[in-house]
Protein chains: 4
Amino acid sequence: MSGYLNKVQLIGNLGTDPEIRRTQDGRPIANMRIATSESWRDKNTGEKKTKTEWHTVVVFSEGLCKVVEQYVNKGDKIFIEGQLATRKWQDQSGQDRWSTEIVLQGFDAKLIMLPSSSGSGYRAGGDGAGDYGYDDDRASGRSSSSSSSGSTRGQSSSSGGSFSRDLDDDIPF
Amino acid sequence: MSGYLNKVQLIGNLGTDPEIRRTQDGRPIANMRIATSESWRDKNTGEKKTKTEWHTVVVFSEGLCKVVEQYVNKGDKIFIEGQLATRKWQDQSGQDRWSTEIVLQGFDAKLIMLPSSSGSGYRAGGDGAGDYGYDDDRASGRSSSSSSSGSTRGQSSSSGGSFSRDLDDDIPF
Amino acid sequence: MSGYLNKVQLIGNLGTDPEIRRTQDGRPIANMRIATSESWRDKNTGEKKTKTEWHTVVVFSEGLCKVVEQYVNKGDKIFIEGQLATRKWQDQSGQDRWSTEIVLQGFDAKLIMLPSSSGSGYRAGGDGAGDYGYDDDRASGRSSSSSSSGSTRGQSSSSGGSFSRDLDDDIPF
Amino acid sequence: MSGYLNKVQLIGNLGTDPEIRRTQDGRPIANMRIATSESWRDKNTGEKKTKTEWHTVVVFSEGLCKVVEQYVNKGDKIFIEGQLATRKWQDQSGQDRWSTEIVLQGFDAKLIMLPSSSGSGYRAGGDGAGDYGYDDDRASGRSSSSSSSGSTRGQSSSSGGSFSRDLDDDIPF
DNA sequence: TTTT
DNA sequence: TTTT
């Protein structure tokens with residue numbers, strides 16, 4: 001509400017295909033594992049070093065979930081902007097555990113597909129991400145709970161596209 | 001819509017009071033001049049140098065305009081997040097000119113008031129920034145070129161507060 | 001090194017005083033717990049809700065550590081920019097655990113002190129944050145596991161100041 | 001010097017090849033024109049609209065200039081992070097003009113090549129951007145004024161790579 | 001024109 | 001544990 005900023009931005013690659021699950025009332029939630037890496041040359045040894053960081057991204061935004069479901073695949077490079085959230089859960093032995101995730105929900109959420117360099121992907125022609133016809137009722141506040149696709153996952157479109165926050169989220173973030 | 005990012009973030013101080021004007025259909029637009037500075041010590045001379053950069057910020061977001069109108073004053077420090085836009089206009093002699101501004105509009109817009117260190121400001125009690133309860137009609141599609149305050153400018157509240165994207169419902173911000 | 005972005009930005013308040021420890025070779029490391037909050041009004045009940053997120057920030061940057069040590073206190077509001085890093089550790093029972101932290105290290109690290117609105121703080125006069133004149137040995141490759149202050153913690157300066165990346169020369173910051 | 005943030009981030013495409021010029025003392029400066037676009041559906045007419053914004057990016061960072069010179073071409077998509085700077089100049093008639101540019105200089109500067117979807121580019125094998133062997137004397141503060149390439153511009157490498165700030169800049173920013 |  |  002007041003005077004705070006909580007922002008995460010990543011450009012990285014998906015380690016696996018996104019996992020889409022649904023809440024009891026049918027809302028989709030997408031999970032992605034995204035890798036970012038850094039390389040540097042060791043000051044002393046001159047050796048080249050690399051460190052890869054893995055991030056868990058959870059997409060609550062219904063609009064972005066649809067995009068993830070249809071256009072995002074293992075290996076793809078994406079830009080995401082979301083918020084940090086640490087969640088408490090219990091492991092099998094009942095012990096408290098915490099997981100920190102990057103949450104894409106509400107207006108701050110952003111996802112930009114960055115063309116995969118692998119080029120192995122199917123390059124969508126007229127139906128690329130850029131034309132996904134995401135008829136923006138987000139901005140108008142209408143709550144078209146238009147089901148969303150089932151499970152048809154497109155081939156990697158590799159076309160690039162920007163998708164940002166949607167208004168029909170009611171889950172606080 | 002697709003594959004692009006255009007983001008500006010500033011933390012700086014207002015050089016003057018914001019200027020609020022209105023479109024013919026009554027929508028408010030706020031203009032602010034914000035200074036950011038940098039200092040460094042010259043590598044050769046050891047001299048300390050400072051450079052101040054002045055930024056023009058234009059607030060189209062109706063909700064943020066109300067906030068600016070009520071809580072933001074000359075000298076205040078704020079964080080803003082918006083987009084770059086270059087606008088063409090004609091000077092007196094009819095020559096084309098361009099001005100680059102930082103636009104706060106739509107969902108990407110964000111404004112956080114940062115408590116003024118001067119402390120000269122009037123510290124609002126129960127009616128602080130966090131309770132301003134404005135409702136914006138941009139996101140809802142309504143175009144109520146309504147009311148909104150006239151010119152009553154509060155004293156510098158110095159209370160700090162975050163105001164983001166135009167929303168009139170419960171979606172957190 | 002290549003094609004990745006891993007960035008976190010927070011504006012929040014410290015829940016406790018920073019904790020400064022030192023590595024065996026004398027380098028300081030600062031830990032801070034920073035809170036960010038969000039408020040929203042529940043769409044259905046109309047109830048006002050708040051959620052506070054706590055973040056663990058670890059400062060490896062020697063220059064920023066000095067700043068934290070001298071100027072940052074419980075309750076202060078700061079802006080930080082760093083990177084996400086997830087660290088594995090073993091709990092008492094030898095089980096693997098992971099913690100995600102925001103790391104301030106190297107050139108991407110940034111810390112801006114935002115004047116505390118509480119104003120309870122001691123306002124440093126001539127020795128304000130802007131004059132701290134620290135020189136960092138990280139960027140220069142020197143590993144002077146040197147000096148640096150012991151434990152003298154200033155009162156909350158509330159003066160505001162920006163401290164970024166490790167540098168001991170004239171490059172502006 | 002203290003308490004300010006001035007940050008611009010873009011993901012966009014180059015409208016033309018970068019232009020590299022040199023200062024009298026041989027330092028390279030690269031200029032790029034980068035486009036970002038937005039699309040939306042008009043609330044009233046339902047019409048699809050697009051607006052493209054053009055940004056002028058000036059690279060003072062010597063390391064990033066080399067990268068731009070070798071790897072960045074017309075049409076390429078890149079991520080850049082820099083600072084806003086408004087510069088005054090005189091037109092032919094001696095009138096004052098101002099231009100706002102995004103400056104990549106010093107530590108805040110960042111450039112990430114995003115694989116071009118066009119795929120028309122020559123895909124560098126072992127000498128791709130990722131292997132550019134930018135032997136990081138930046139971090140060590142050494143000032144290897146190693147000339148830099150002349151004008152050999154590689155074909156679009158499409159390989160992606162991240163390049164960030166260098167220490168050997170002395171031009172303030 | 002602000003601020004430190 | 002902070003802050004508003």
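1. Ground rules. The model is predicted, so to speak of a local feature takes pLDDT of at least 70 and side-chain atom pairs count only at pLDDT 80 or more, while totals for chains, interfaces and linings use all residues; side-chain values use heavy atoms, with hydrogens and water left out. Residues are numbered from 1 along each chain as its sequence is written, and chains are lettered from A, with ligands numbered from 1, in the order in which they are written.

2. Chain A overall. You'll find one helix and eight strands here (DSSP runs numbered from the N terminus: H or I of at least four residues for helices, E of at least two for strands). Reading from the N terminus, the order is β-β-β-β-α-β-β-β-β. Of the 173 residues in chain A, 57% are buried (buried is under 20% relative accessible area, exposed over 50%, partly exposed in between, with a 1.4 Å probe and protein chains only). Contacts (heavy atoms within 4.5 Å) in chain A with a separation of 6 or more are 71% between residues 24 or more positions apart.

3. The A–C interface. Chain A puts 40 residues into the contact and chain C puts in 38. Together they bury about 3,100 Å², 45% of it on carbon and sulfur atoms (buried area is the accessible area, 1.4 Å probe, that two parts lose on being put together, summed over both).

4. Polar groups across that interface. There are ten residue pairs in polar contact between chain A and chain C, both residues at pLDDT 80 or more. A polar contact is a pair of N or O atoms within 3.5 Å; within protein, one must be able to donate a hydrogen and the other to accept it, and residues adjacent in sequence count only if both atoms are side-chain atoms. Salt bridges between the two chains come to zero (the rule wants a side-chain nitrogen of Lys or Arg within 4 Å of a carboxyl oxygen of Asp or Glu).

5. Who supplies the chain A side? Strands 1 (5-14), 3 (28-41), 4 (48-59), 5 (77-90) and 6 (96-104) of chain A each give at least two residues to the side touching chain C. Strand 1 of chain A has the largest share, at nine residues.

6. Strand 1 as a link. Strand 1 of chain A pairs with strand 1 (residues 5-14) of chain C, antiparallel, over seven bridges (pairing needs at least two DSSP bridges between the strands). Look for Ile11(A) opposite Leu5(C). Strand 1 of chain A also pairs antiparallel with strand 3 of chain A, over two bridges, and Asn13(A) sits opposite Ala35(A) there.

7. Strand 3 and its neighbours. Ten of the 14 residues in strand 3 of chain A are buried. Strand 2 (residues 19-22) of chain A pairs with strand 3 antiparallel over four bridges, with Glu19(A) partnered by Asn31(A). The hairpin between strands 2 and 3 of chain A has five residues between them, and Gly26(A) in the turn has a positive phi of about 90°.

8. On to strand 4. Strands 3 and 4 of chain A pair antiparallel over twelve bridges, and Arg41(A) faces Lys48(A) as its opposite number. This hairpin of chain A has six residues between the strands, with Gly46(A) in the turn at a positive phi of about 80°.
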